[in-house]
Amino acid sequence: MSIPTLTPSSALRVHDLRVAYDGTEVLRGVDLELRTGEWLGLIGPNGSGKSTLLRALVGLVPSAGGVELGQGGRPGPTDLSLMPQSPELPPGMTVVEYVLLGRTAHLGWLRQESAADRRVATDVLRRLGLASFAGRPVLQLSGGEAQRVVIARALAQQSPVLLLDEPTSALDVGHQVEVLELVDELRHEDGLTVVAAMHDLGTAARYSDRLALLDRGSLAAVGAPREVLEEDLVSRVYGHPVRVHELDGHLVVVPAPRAARHTPTAPVSLADRRQGAQTDQEVS
Amino acid sequence: MSTTYPPRTVDELDRAAERAFRLPAAAVLGSVAVLLLVGMVSVTQGAAGLPVEGVVRSLLDALPGVHLHQTLTDQQQAVLWQIRLPRTVLGALVGGSLAMAGAGYQGVFRNPLADPYLLGVSAGAGLGAVLALGFGLDLSWGPVDALPAAAFLGALVAVTASVVVARGSFRDPATLLLAGVAMAALFSATQTYAIQKLDESRSREVLSWLFGRLATNGWHPVVLLLPYVALAGVVLLLHARHLDVLRLGDDEARSLGLHPARSRLVVVAAATLLTASAVSVSGLIAFVGLVTPHVVRLLVGHSYRALVPLSALVGAAFLAFVDIGARTLAAPAELPVGVITAFVGAPFFCIVLWRGRYGA
């Protein structure tokens with residue numbers, strides 16, 4: 001599968017992006033540069049503007065400010081593909097038909113899908129191990145299967161940037177990992193750039209090269225997961241004290257009891273934490 | 001990923017990809033066959049029956065390069081060519097137009113209840129007809145008589161008013177629908193008021209038009225209707241793919257590269273033109289536009305690329321069939337065809353719903 005390559009440095013530049021719903025600002029001037037091939041995790045509490053940011057990038061909500069491709073120009077559906085949070089699965093539509101709809105931007109105003117478009121759809125389905133699903137109605141799929149089919153449709157769009165809006169929120173742990181691993185694999189194989197709004201901070205940290213933390217429509221921090229997942233910052237933005245642990249080399253963010261005091265430190269290992277807890281008990 | 005798959009699966013995959021959104025040939029052939037059969041029955045049945053063989057000879061003889069010995073009398077030839085055939089063709093055109101417009105509206109509004117009269121077409125056409133038949137409003141223009149002209153313009157005025165009330169926005173189908181409901185109410189009320197002002201014979205004439213009645217003046221209405229049906233029909237067929245993308249909802253359609261508002265505008269315009277021109281020569285024929293797409297869905301599934309053309313064929317056959325009854329059941333009097341479409345269509349639709357196969 002051929003994906004058009006961009007300049008190596010920047011896939012997308014967002015400059016002072018603002019979105020207002022009925023006069024209420026939901027995004028208050030977001031500046032962001034997306035590097036080609038990276039996985040950028042969008043985190044932030046509910047209502048912080050994660051979905052709005054993704055929707056503004058593809059032009060689903062009217063926005064002020066600039067969204068520009070790395071090589072210049074406004075992005076279109078062949079540059080960005082969006083995997084919506086709760087995709088619509090129309091009754092009676094088969095998996096391969098659903099994936100073929102991803103070719104819409106590649107067809108003219110009136111044209112039908114060509115043999116080449118069908119080829120793209122079958123290739124994607126085969127690649128995602130969905131070949132035997134092709135003729136099944138999308139409505140009869142399980143949550144995990146449906147999510148893979150939606151990814152297949154996004155891939156059929158053949159755009160170099162993939163925007164995922166909470167791709168795993170409806171899935172159990174096993175299927176979450178399966179879907180995210182798949183996206184990661186595709187990213188490495190095809191040189192895709194991924195922006196994913198994610199709920200679970202640990203998962204976000206694990207898959208993202210960088211995290212962007214949104215706080216009421218503004219970026220509170222952008223950087224490597226270890227820099228962004230800083231206890232004080234996350235506690236403040238989420239409005240609840242959290243502890244950041246390290247477990248098997250991965251960051252884990254857990255809520256702390258309301259009363260607990262937390263000291264602004266760099267992430268520490270779980271063992272250190274336990275020791276700390278014991279010390280606390282001893283003190284009390 | 002270099003996983004190998006059993007060839008059986010790959011075959012299935014390729015076949016599924018081939019079938020995707022395709023118009024099933026069997027369904028097309030089947031509905032064309034039914035349409036021809038209904039057409040044959042329609043031209044031979046009536047006040048005076050015509051012999052099938054003679055009709056076939058006469059019809060085939062009209063094809064370029066075919067010459068057959070004729071067995072119909074001159075009078076029978078006249079009945080066939082001046083009365084029966086134009087009437088049958090008109091019925092098929094009107095039925096096909098309404099069914100296709102219904103499929104278009106259902107796709108655009110993503111609503112199974114949508115029918116071609118949704119945005120006020122019926123009420124607008126009705127008011128136009130009342131003004132023309134009852135009050136002598138004469139908008140006749142060139143070859144177009146006063147009644148069809150008034151009905152056609154009334155329909156377009158009502159739909160345009162709905163669109164204007166919705167501030168010209170095709171982004172929000174719900175607002176457009178509600179504007180249509182408001183306009184339909186306004187035009188219907190005006191129409192009812194106007195009918196009350198008429199004397200009895202004129203109001204009877206108006207009512208019989210409102211119940212749906214195919215025009216009987218030979219090829220004239222067919223010729224009037226044909227350019228609109230051809231133009232709007234082609235536009236609708238070419239936009240069936242847009243309707244398939246719209247099934248994902250406006251947001252997803254937009255992120256895939258469709259302009260939902262633009263597609264909706266084009267489809268609504270084409271479907272309205274089809275409906276208005278059909279209504280102008282047939283009055284208000286109920287149910288064809290609503291039910292036909294649903295029946296076709298049961299046969300071939302939900303893809304609009306199959307739904308729109310097949311609805312046209314099935315709607316054409318259905319109305320031509322029902323019109324046989326309208327002409328013969330109470331002969332020599334004629335029953336309003338719109339009443340029979342509802343009499344036949346409603347119970348049939350009820351059975352379909354009762355058996356619960358819809359939406360499977």
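Biologist: Is Tyr98(A) buried or exposed, and how many other C-beta atoms lie within 10 Å?

Modeller: A residue counts as buried if 20 or more other C-beta atoms lie within 10 Å of its own, as exposed if 12 or fewer do, and as partly exposed in between, with C-beta atoms placed from the backbone. Tyr98(A) is buried, because 28 other C-beta atoms lie within 10 Å. This is a predicted model, in which local features need pLDDT of at least 70 and side-chain atom pairs count only at pLDDT 80 or more, while totals for chains, interfaces and linings use all residues. Residues are numbered from 1 along each chain as its sequence is written, and chains are lettered from A and ligands numbered from 1 in the order in which they are written.

Biologist: Where is Tyr98(A) found, and which residues does Tyr98(A) touch?

Modeller: Helices (H or I, at least four residues) and strands (E, at least two) are DSSP runs, numbered from the N terminus. Tyr98(A) belongs to helix α2 (residues 95–100) of chain A. Two residues are in contact if their C-beta atoms, placed from the backbone, lie within 7 Å. Leaving aside residues up to four places away in sequence, Tyr98(A) touches Met93(A), Val138(A), Val149(A) and Arg153(A). Between Tyr98(A) and Val138(A) there is a separation of 40 residues in sequence and of 7.6 Å in space, C-alpha to C-alpha.

Biologist: What is the phi of Asp16(A), and what is the phi of Glu166(A)?

Modeller: Asp16(A) has a positive phi of about 50°, although it is not a glycine; its place is in strand β1 (residues 10–21) of chain A. Asp16(A) counts as partly exposed because it has 13 C-beta neighbours inside 10 Å. Glu166(A), also not a glycine, has a positive phi of about 45° and lies in the loop between β6 (161–165) and α5 (173–190) of chain A. With 19 C-beta neighbours inside 10 Å, Glu166(A) is therefore partly exposed.

Biologist: Which domains does the assignment give for chain A?

Modeller: Such bounds come from an automatic or database domain assignment. For chain A it gives domain 1 (10–229) and domain 2 (230–284). In chain A, 15 residues of domain 1 are in contact with 11 residues of domain 2. On the domain 1 side, the elements that give two or more residues are α6 (201–207), β8 (210–215), β9 (218–223) and α7 (225–228) of chain A.

Biologist: How many residues of chain B are in contact with chain A?

Modeller: 30 residues of chain B are in contact with 33 residues of chain A. On the side of chain B, α1 (7–19), α10 (240–246) and α11 (250–255) each supply at least two residues. The largest share, seven residues, comes from α1(B).

Biologist: Where in chain B is confidence lowest, and where is it highest?

Modeller: pLDDT is the predictor's confidence in each residue, from 0 to 100. Chain B has a mean pLDDT of 87, and 96% of its residues reach 70 or more. Confidence in chain B is lowest in α1(B), at a mean of 74, and highest in helix α2 (residues 25–44) of chain B, at 95. Over residues 1–7 of chain B, pLDDT stays under 50. For the complex, the predictor gives an ipTM of 0.84 and a pTM of 0.85.

Biologist: Which residues of α7(B) are buried, and what covers them?

Modeller: The buried residues of α7(B) include Pro173(B), Leu176(B), Met183(B) and Phe187(B). Their cover includes α4 (74–109), α5 (121–135), α6 (146–165) and α12 (260–282) of chain B.
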